[in-house]
Amino acid sequence: MEETVDQDVLRPAPGPESPDATPVHSETGRPALLDRRFGRDEITVVRHEVTARLDPVLLADRLPGFVLAINEVITNAVLHAGGQGRIVLWSTGSAVHCTVTDSGPGIPEQYRRPPTVPEAFEVGGRGIWLAHQLCDEVTMATGPIGTTIGLSVRLPGRNTASGLVNEGASAG
């Protein structure tokens, strides 16, 4: 059975310790949709778990792009940062958020600024560029002990300041 809290996009995931526990996002205190570690062989599984946790009705046409952006970031963690990482997915009243954290050596300086359009035959360099194209916000915290990439998309029809559904102007 799906649950909805404060009209959020919420499908509780089993917690890592107990199959019945719902993980809680450490910064917001809100239930996390997904909080798990992943490795090289689990990229496809994580992508399917992310898709299963998000409500396609509320995200509308934003769902495929958000899932693709997450897939690109977890793939980067696996390929460039030690082969494993952690994903946390949660929602607020107005947006869905994801962080992907790894314990790699950090992102080199030349890749830290917002990317330009990759050249047609350039090898690599499309993951973060795609994330910037598909998400409303992309954040990066990186250093010698790891990187955290944050991705956010606003829910269509939601007022980002209040989290309320935007149902148009009322006559009054």
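User: What share of the contacts with a separation of 6 or more comes from residues 24 or more positions apart?
Analyst: The share is 58%. Contact here means heavy atoms within 4.5 Å. This is a predicted model, where local features need pLDDT of at least 70, side-chain atom pairs count only at pLDDT 80 or more, and totals for chains, interfaces and linings use all residues. Residues are numbered from 1 along each chain as its sequence is written, and side-chain values use heavy atoms, with hydrogens and water left out.

User: How much of the chain is buried?
Analyst: Of its 172 residues, 42% count as buried. Buried means under 20% relative accessible area, exposed is over 50%, and partly exposed is in between (1.4 Å probe, protein chains only).

User: How many helices and strands are there?
Analyst: The chain has four helices and five strands. Both are DSSP runs, numbered from the N terminus: helices are H or I with at least four residues, strands are E with at least two.

User: And what is their pattern along the sequence?
Analyst: The pattern reads β-α-α-α-β-β-α-β-β.

User: At what angle do α1 and α3 pack?
Analyst: About 150°. Helix α1 covers residues 43-53, helix α3 covers residues 63-80, and their axes are 10 Å apart. Axes are lines fitted to C-alpha atoms, for helices over the stretch in contact, and angles run from 0 to 180 degrees between N-to-C directions.

User: What does that make them to each other, roughly parallel or roughly antiparallel?
Analyst: Roughly antiparallel. That label is for angles over 145 degrees; under 35 is roughly parallel, 65 to 115 roughly perpendicular, and the rest oblique.

User: Which residues make the contact?
Analyst: From α1, they are I43, V46, R47, V50 and T51. From α3, they are V67, I70, N71, I74, T75 and V78.

User: New topic. How many disulfides are there?
Analyst: The count is zero. A disulfide is a pair of cysteine sulfur atoms within 2.5 Å.

User: Is C98 buried or exposed? And C135, buried or exposed?
Analyst: C98 counts as buried, at 1% relative accessibility. C135 is buried too, with a relative accessible area of 7%.

User: Last one. Which residues of α4 are buried?
Analyst: In helix α4 (residues 127-134), they are G127, I128, W129 and A131.

User: What do they pack against?
Analyst: They pack against α3, β4 (137-143) and β5 (146-154).
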